[in-house]
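Work through the exercises below with the model open. Try each task before you read its solution.

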Amino acid sequence: MVSKLGEMLVKAQLITDAQLDDVVKIQRREGGKLGSIVVRQGYCSDQDIVSFLGMQYGVPAADLEQWPPIDPGVIALIPKDLAQRHKVLPLQRTGNVLTLAMSDPTDIFAMDDVRFHTGYNVDPVVSSEMGLARAVEKYYGGASSVRLADGTIARNAQGGGGGGSAASGPTAASLANDFNSEDEQFELSDLEQELDADAEYDSADEDDDSVNVGSLKKGSEDAPVVKLVNMVLIDAIKRGASDIHIEPYEKTYRIRFRIDGILMEVMRPNLKLKDPLTSRVKILAKLNIAERRLPQDGRIKLRVNMQGKQKVIDYRVSILPTLFGEKIVLRLLDSDKLMLDLTKLGFEQESLDRWDRQICKPYGMVLVTGPTGSGKTNTLYSSIAKLNTVDTNILTAEDPVEFNFPGINQVQMKEQIGLNFAAALRSFLRQDPNIILVGEIRDFETAEIAIKASLTGHLVLSTLHTNDAPSTINRLMNMGVEPFLVATSVNIICAQRLVRRLCPNCKAVETHHQPEEGLYLVGFTPEEVQRGITFYKPVGCEACNKRGYKGRVGLYEVLEMSETLKDMILTGASAIELREQAQKEGMITLRRSGCRKVLDGVTTIEEIIRETVL
């Protein structure tokens, strides 16, 4: 191709024989393409070579400097590395034909590669190599890439982005850029039109037990479905969502994100995409696409390169059959968001001092309690990270293992083969442990073994689901644990909640006067009310996507077992009596922890009322 192009340029009198000899010498010495060297040496212009090649090969010539702005959705069809490797750029799409700018329109390998990645037929136009390099940098600058566990690649770029699937047609996950991240709800716009135009799906009768697996798999691999799933996965990362809810109803189909603990609707795909979209998620999570009557659980792993930094994000996938189809919930596990510094979680200093004192003891039980999604795992991980030293043997039993830690032996529970918390705990005691973390105490058997472990020289950390710290005592006894075992084994109990944190960039002073009676009812002390409280309110800005809140902070109620409390447990004291005594001994309740956050301007009264009670 090189010598042939040189001969053609000489024959067309665009360069001389001497100039060709000079160019060939440079090429042999430095490498590169002949056409680029000719232009660099100034023997002819970029546009001269483009026009000449267009005439020689019978294809249109495209001057990318003069070309109108290219639609980001078109750029998204081809990933950046493919565009750079083959020196190509997608210009426009008409039906199933993709117009492709190429420096060498005879490069069948490049065209086959693009056809394979996009699923579209290729219509080449010729452009200069230098012009293509500039255009690729312009449209793909600062790109980030995502590779799914099954090999699918989704890409996202600041200057337009690109994505593709190695086997499933055009993935174009970076179409997420087409959505306005400042709005509370996305507009499907062009993607929705494409989904309606390209997707022809017949939803199966929910009462029909027969399932056409081939049809489901084919529908899940159609380009619009792959685009939509990849777009949702990536945009959840961009928005900082903790969960994705994909929900079918009788006449609607909606997708919601949980951001800072609050669910918000982000889009309503066409109802006919329900079955293909569900099948696509099942394939990525390695689940059975033919099983639609039973719940299923799986996992999707993304390897993400964002802003030059590699990271791995896991999605825990839960499929639940509902009246009108299968509801999907994906929990995002981003290790970069895991805060392992106890001092930054939101503990009041008094509570933190008590917690540090008890987790450093050589034996006993440390319990964290609260509802699902209240940050219990984060608190436990932060605690064992502090205790993780070379002379300490730490074993954990988790369901599931959310994050991996070097130096800590983590065991994934598998109920289907009999590996539950109780079975793991029995094995742990034969592994010479110093510290044991049990993901959750769910039954008497697990509680009994954990307590015995804490009484035989091991520090045991675990979680329970109770409303506050004092009621945890009664919960253990209701499971069947004897009061004397609870009193002698439990060192400390921490109840916690998460509330939204006011955006520091846009929060404003609340000018509306709060009545004193209402402040007393919320939980503020007379001294605080008399001194005067400055309240802040959410406003909304670019940094917080117009919500007024950015991130969350913990509220903590730390009950440290004293001799008095142990005696009360042995005499059968109620949770209310235990709470009163703990407060006398300095325990900060969840509501008081919230009030302190309000006094510090961290959150609002509405947030603490939503999550706590007096």
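**Exercise 1. The whole chain**

What share of the contacts in the protein with a separation of 6 or more comes from residues 24 or more positions apart?

Solution. This is a predicted model, where local features need pLDDT of at least 70, side-chain atom pairs count only at pLDDT 80 or more, and totals for chains, interfaces and linings use all residues. Residues are numbered from 1 along each chain as its sequence is written, and side-chain values use heavy atoms, with hydrogens and water left out. A contact means heavy atoms within 4.5 Å. The share is 64%. Next, count the elements: 24 helices and 20 strands. These are DSSP runs numbered from the N terminus, helices being H or I with at least four residues and strands E with at least two. Last, take burial: 53% of the 614 residues are buried. Buried means under 20% relative accessible area, exposed over 50%, partly exposed in between (1.4 Å probe, protein chains only).

**Exercise 2. Ring pairs**

Solution. Start with the rule. Rings of Phe, Tyr and Trp (its six-membered ring) pair if their centres lie within 6.5 Å; planes under 30 degrees apart are stacked, over 60 edge-to-face, the rest tilted. The structure holds 5 aromatic pairs.

- Phe347 and Tyr556 have ring centres 3.9 Å apart and planes at 15 degrees, so they are stacked. Phe347 is in the loop between strand S11 (325-334) and helix H13 (349-359), while Tyr556 is in strand S20 (residues 549-560), 209 residues away. Phe347 is buried at 9% relative accessible area. Tyr556 is buried too, at 2%.
- Phe524 and Phe535 have centres 6.0 Å apart and planes at 80 degrees, so this pair is edge-to-face. Both residues are buried.

**Exercise 3. Helix packing**

Describe how H13 packs on helix H14 (residues 376-387).

Solution. Take the angle: about 55 degrees, with the axes 11 Å apart. Axes are lines fitted to C-alpha atoms, for helices over the stretch in contact, and angles run from 0 to 180 degrees between N-to-C directions. H13 is therefore oblique to H14. Under 35 degrees is roughly parallel, over 145 roughly antiparallel, 65 to 115 roughly perpendicular, and the rest oblique. Now list the contact residues. H13 supplies Trp355, Asp356 and Ile359; H14 supplies Thr379, Ser383, Lys386 and Leu387.
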